[in-house]
Amino acid sequence: MNQTIKTLLNHRSIRKFKDEPLSDEQISYIVQSAQLASTSSFIQAYTILGIKNPETKAKLAQFAGNQPYVEKNGHFFIFCADLHRHTIASGMEGTQVNASLETTEKFMVAAIDASLAAQNAAIAAESMDLGICYIGGIRNDIEKVSELLQLPGYVVPLFGMAVGVPETSTDQKPRLPMGNIYFEETYPSDKEVEKGLSIYNDIISDYYNKRTGGERSDTWTEQMTRMLSKAVRRDMKDFIQKKGFLKT
């Protein structure tokens with residue numbers, strides 16, 4: 001056990017922040033930490049946008065489903081899959097790389113690079129006693145988000161991250177036990193998976209029951225089935241293809 005592991009094990013999403021903007025130094029440390037995340041073949045296929053303008057935050061909050069913490073935070077980051085700069089690089093070298101950029105593989109590379117960078121940013125922020133909350137809701141109206149941020153081709157806004165000084169802390173929601181997600185050598189049988197999920201259902205039901213004073217006691221499998229029973233953001237593939245990705 002060391003301080004880094006303590007920071008990681010203490011993570012929880014924060015959705016209420018004090019009215020205190022991040023300092024330029026804090027922003028710099030967060031972004032520099034993000035940049036030193038691992039990247040596939042040195043491609044560095046992401047861009048981070050920092051949003052300070054209150055009007056822009058308000059619009060993003062609206063696009064994200066009226067989530068107040070998108071607007072009220074110390075700083076709002078948006079992580080984008082970005083291969084646009086690579087088209088510029090290829091032009092500087094007098095060649096074309098679009099056939100490669102348009103593959104599903106390269107979109108995966110860009111999405112993974114951005115995600116790795118974001119997690120480094122999250123850990124850096126939490127190490128400075130800041131709170132963070134990932135915001136996938138910016139994909140609710142991804143076309144308008146893209147227009148607002150003036151994103152060119154080969155740039156896709158993947159998710160946001162609200163960062164700031166926590167107003168209040170929250171209970172840590174129990175994750176799947178390690179035995180449910182870590183297996184050695186081969187994937188487990190369906191019977192083993194079901195057994196683990198049954199145990200986890202009891203843990204989550206008890207968590208909600210205590211947190212809400214008995215007003216809620218649904219299980220994890222109930223919650224996931226309810227959420228996944230309806231497909232959402234079905235325009236995503238068309239949008240990503242319009243940006244130049246997923247052609248092959």
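**Close-up views of a predicted model**

View 1. Residues are numbered from 1 along each chain as its sequence is written, and side-chain values use heavy atoms, with hydrogens and water left out. You will find Trp220 in helix H11 (residues 220-228); helices (H or I, at least four residues) are DSSP runs, numbered from the N terminus. Leaving aside residues up to four places away in sequence, Trp220 touches Leu197, Tyr200, Asn201 and Ile204, where contact means heavy atoms within 4.5 Å. Ser205 is 15 residues from Trp220 along the chain, and their C-alpha atoms are separated by 7.5 Å.

View 2. Asp218 and Arg226 meet at 3.0 Å, N to O. Asp218 is buried, at 11% relative accessible area, whereas Arg226 is partly exposed at 49%. By this rule the count comes to seven salt bridges.

**View 3. A salt bridge between two helices.** The closest N and O atoms of the Glu143 and Lys242 salt bridge are 3.0 Å apart. Because Glu143 lies in helix H8 (residues 142-148) and Lys242 in helix H12 (residues 236-242), the pair ties together parts that are 99 residues apart in sequence. Glu143 is partly exposed, with 31% relative accessibility, and Lys242 is exposed, with a relative accessible area of 60%.

**View 4. The Asp82 and Arg85 pair.** These side chains form a salt bridge with an N to O distance of 3.7 Å. Asp82 counts as buried at 6% relative accessibility, while Arg85 counts as partly exposed at 38%.

**View 5. A nonpolar surface patch.** Met1, Ile5 and Leu9 make up this patch, with about 340 Å² of accessible area together. Patches are made of residues with over 30% relative accessible area and no salt bridge, nonpolar side chains (Val, Leu, Ile, Met, Phe, Trp, Tyr) being joined within 5 Å; the areas come from the Shrake-Rupley method with a 1.4 Å probe. Ile5 sits in helix H1 (residues 3-9) and is partly exposed, at 36% relative accessibility.

How values were computed:
This is a predicted model: local features need pLDDT of at least 70, side-chain atom pairs count only at pLDDT 80 or more; totals for chains, interfaces and linings use all residues. Patches are made of residues with over 30% relative accessible area and no salt bridge: like charges are joined within 9 Å, nonpolar side chains (Val, Leu, Ile, Met, Phe, Trp, Tyr) within 5 Å. A salt bridge is a side-chain nitrogen of Lys or Arg within 4 Å of a carboxyl oxygen of Asp or Glu. Buried means under 20% relative accessible area, exposed over 50%, partly exposed in between (1.4 Å probe, protein chains only).
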